Amino acid sequence: MKQLSTLTLLLFSCAVTTAQSIWKNPIDGGTINSANNPYTTGDVVADSITVSGIGASSGIFVVTSSNRFNANTWAATFETGDYFAFTLTPDADKFIHFENFNFSYQKSPKGPTNYSLRTSADNFTSDIASDSLQDSGNSTIPLSHSVFGN
């Protein structure tokens, strides 16, 4: 059963070997709704990569809000069809060497209590990282695994 809840992604970026940000978006573009899925307004993207923007799966509903990418109807327990997603694609002759994934979030009291970060490297079957969510916070996830070019 779906639970009416909200999780908001406020800021995200990924870093390469020189610890420079290769993509970030402060998500402060005014009113955001399902027409902005994926959300790309304000994207700052490094040279030689393409980014999809932040999007929500069809399992959750993008909620109209100001200055935040907001979704509700998250399942009460882990559900593989409920997720935020983005794709980073290097140019044909380039690669991305990841160091960290940084993000900020805010959630409602009925929002998800945990998160999992997964990758297409294994068809999204294993968690790279997972943790509990407070009401709001910032998180840095080290990406030292070989699938990230390290």
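Strand β13 spans residues 114-117 in this predicted model. Its covered face carries Tyr115 and Leu117. Asn114 and Ser116 sit on the uncovered face. In a regular strand, side chains alternate between the two faces of the sheet.

The partner of β13 is strand β14, residues 129-132. The two run antiparallel and share four bridges. Within this pairing, Asn114 stands opposite Ser132 of β14.

The loop between β13 and β14 contains Ile128. Its relative accessibility is 30%, so Ile128 counts as partly exposed. Ile128 and Arg118 are ten residues apart in sequence. In space, their C-alpha atoms are 5.5 Å apart.

Now the aromatic residues. The whole structure holds eight aromatic pairs. One of them joins Tyr39 and Phe69: the ring centres are 6.5 Å apart and the planes meet at 40°, so the pair is tilted. Tyr39 lies in the loop between β3 (31-32) and β4 (44-45), and Phe69 in strand β9 (residues 69-72), so the pair ties together parts that are 30 residues apart in sequence. Both Tyr39 and Phe69 are buried.

Tyr115, on the covered face of β13, also belongs to an aromatic cluster.

Two separations can be set side by side.

| Ile128 and Arg118 | ten residues | 5.5 Å, C-alpha to C-alpha |

How values were computed: Residues are numbered from 1 along each chain as its sequence is written. This is a predicted model: local features need pLDDT of at least 70, side-chain atom pairs count only at pLDDT 80 or more; totals for chains, interfaces and linings use all residues. Side-chain values use heavy atoms; hydrogens and water are left out. Buried means under 20% relative accessible area, exposed over 50%, partly exposed in between (1.4 Å probe, protein chains only). Two strands pair if DSSP finds at least two bridges between them. Rings of Phe, Tyr and Trp (its six-membered ring) pair if their centres lie within 6.5 Å; planes under 30 degrees apart count as stacked, over 60 as edge-to-face and the rest as tilted.
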